[in-house]
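Please find below a colleague's note on the model, arranged as numbered points. Terms are given with their cut-offs where they come up.

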Amino acid sequence: MIRTLLVDAAGRLDQGDESLIERWRAEPESRIWIDLQGEPLEAERALLEAFGCHPLAIDDAHRDRHPPKIEEFEDHTLILYRGISSFDADLSYQPQRIAFFLGERFLISLHPGLALSIDRLMAQDAGHLLARSPEYVALRVMYASAGYYLDSLLAFENELSDLEDALIEDGSDALMRRVIGYRSRLVKMRRVFNYHLGITQELTAYDYAHLPRGNEETLHAINDVHERFERLHSLTQMYYDICGDLIDGYLSLSSHQLNQTMRVLTVITAIFVPLTFIAGIYGMNFSHMPELAYRYGYFIVMGVMLAIGGGLLWWFRRVKWL
């Protein structure tokens, strides 16, 4: 699907398909945003080459597992961004690879599937943003996408709080598996946000020809995106640490419970060892054992065994082992 927005010198907005490209070429003061969703690679490459995009930039945009980055070429700037197509409060999310080719008068966005932030801007104030500058559109797409991440992360905070209470009240292996799963997803998200944070740090530190910091609106948009990704990165790090603390706490509690069980078993063993020793002695079948012929021998041995068991039990209670 190809969607095209054209803003002419007078600020009038037209929406259509690739047929608006010729009009954009004929009007030097116009600006255009071309969004390519799920188009064949050959068609995307042909369009990008027609706009003078560098072959290496096109290759990077079509690489599935290329990390997010920003790179400047002679006539355009490439921004590889990891957007979002779905996200929920359990941190189950579906990332969406988005590539921006940003020129002086054009913005071309590529993504193989649904991109919520692009659809939202297309349906709302894309024309107003494009009238400001193409780079402003790209920055607002990134800002809106980061907002989806942020909403779901804040919703996850409530889930994490409930999970923490459940672990304290009645911890179980099922709850621990959930925490470990959350921690694994947070590691992946933190890696993505770290890439994005690096992009915005570069934008705030260096001048790019198609993202000029001298433009006040562009600078404000860059700072907004940077602050949002900085917050996302810090939130994922904080939630990761909380999950780690929950895991450590659960393991400590399990270890303590195991120690209590082992203490009880040790006490039982300590009581029965001397009793077993006595029983073993008098269970031997030797012919000459004087105590066997004594009339009250059985009762004396049983009394001794009861005294030893009771004495050990009293001692363990006194030292608070029981």
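1. In what follows, Ala, Val, Leu, Ile, Met, Phe, Trp, Tyr, Cys and Pro count as nonpolar, Asp, Glu, Lys and Arg as charged, and the others, Gly among them, as polar. By these classes, the lining of the largest pocket divides into 6 nonpolar, 1 polar and 6 charged residues. This is a predicted model, in which local features need pLDDT of at least 70 and side-chain atom pairs count only at pLDDT 80 or more, while totals for chains, interfaces and linings use all residues. Residues are numbered from 1 along each chain as its sequence is written, and side-chain values use heavy atoms, with hydrogens and water left out.

2. The largest pocket holds about 440 Å³ of space, and of its 13 lining residues Arg 65, Arg 82, Pro 95, Arg 191 and Val 192 lie nearest its centre. A pocket here is found on a 1 Å grid over the protein atoms alone, as an open set of points where a 1.4 Å probe fits, with protein on both sides within 12 Å along at least five of seven lines; lining residues have an atom within 4 Å of a point. Grid points are joined across faces, edges and corners, and the volume is the space filled by probe spheres set on the points. Both β6 (93–102) and α7 (173–205) supply at least two residues of this lining, where helices (H or I, at least four residues) and strands (E, at least two) are DSSP runs numbered from the N terminus.

3. The second largest pocket has a volume of about 210 Å³, and its lining includes Arg 120, Asp 125, Arg 140, Asp 151 and Arg 228. Two or more lining residues come from each of α4 (116–123) and α6 (134–170), with α6 giving the largest share, 6 residues. By class, this lining has 5 nonpolar, 2 polar and 5 charged residues.

4. How many salt bridges does a search of the whole structure find? The search finds 7, a salt bridge being a side-chain nitrogen of Lys or Arg within 4 Å of a carboxyl oxygen of Asp or Glu. In one of them, Arg 3 pairs with Asp 35, with the closest N and O atoms 2.7 Å apart. This pair links distant parts of the chain, since Arg 3 belongs to strand β1 (residues 2–7) and Asp 35 to strand β3 (residues 31–37), 32 residues apart. Arg 3 and Asp 35 are both buried, where buried means under 20% relative accessible area, exposed over 50%, and partly exposed in between (1.4 Å probe, protein chains only).

5. Asp 14 and Arg 23 also meet in a salt bridge, at 2.1 Å from N to O. Asp 14 counts as partly exposed because its relative accessibility is 26%, and Arg 23 likewise at 28%.

6. A further salt bridge joins Asp 60 to Arg 63, the closest N and O atoms being 3.5 Å apart. Asp 60 is buried, at 10% relative accessible area, whereas Arg 63, at 44%, is partly exposed. Through shared partners, salt bridges join Asp 60, Arg 63, Lys 69 and Glu 71 into one network.

7. Gly 198 lies in helix α7 and is partly exposed, with a relative accessible area of 22%. Gly 198 and His 226 are 28 residues apart in sequence, and their C-alpha atoms are 9.0 Å apart in space.
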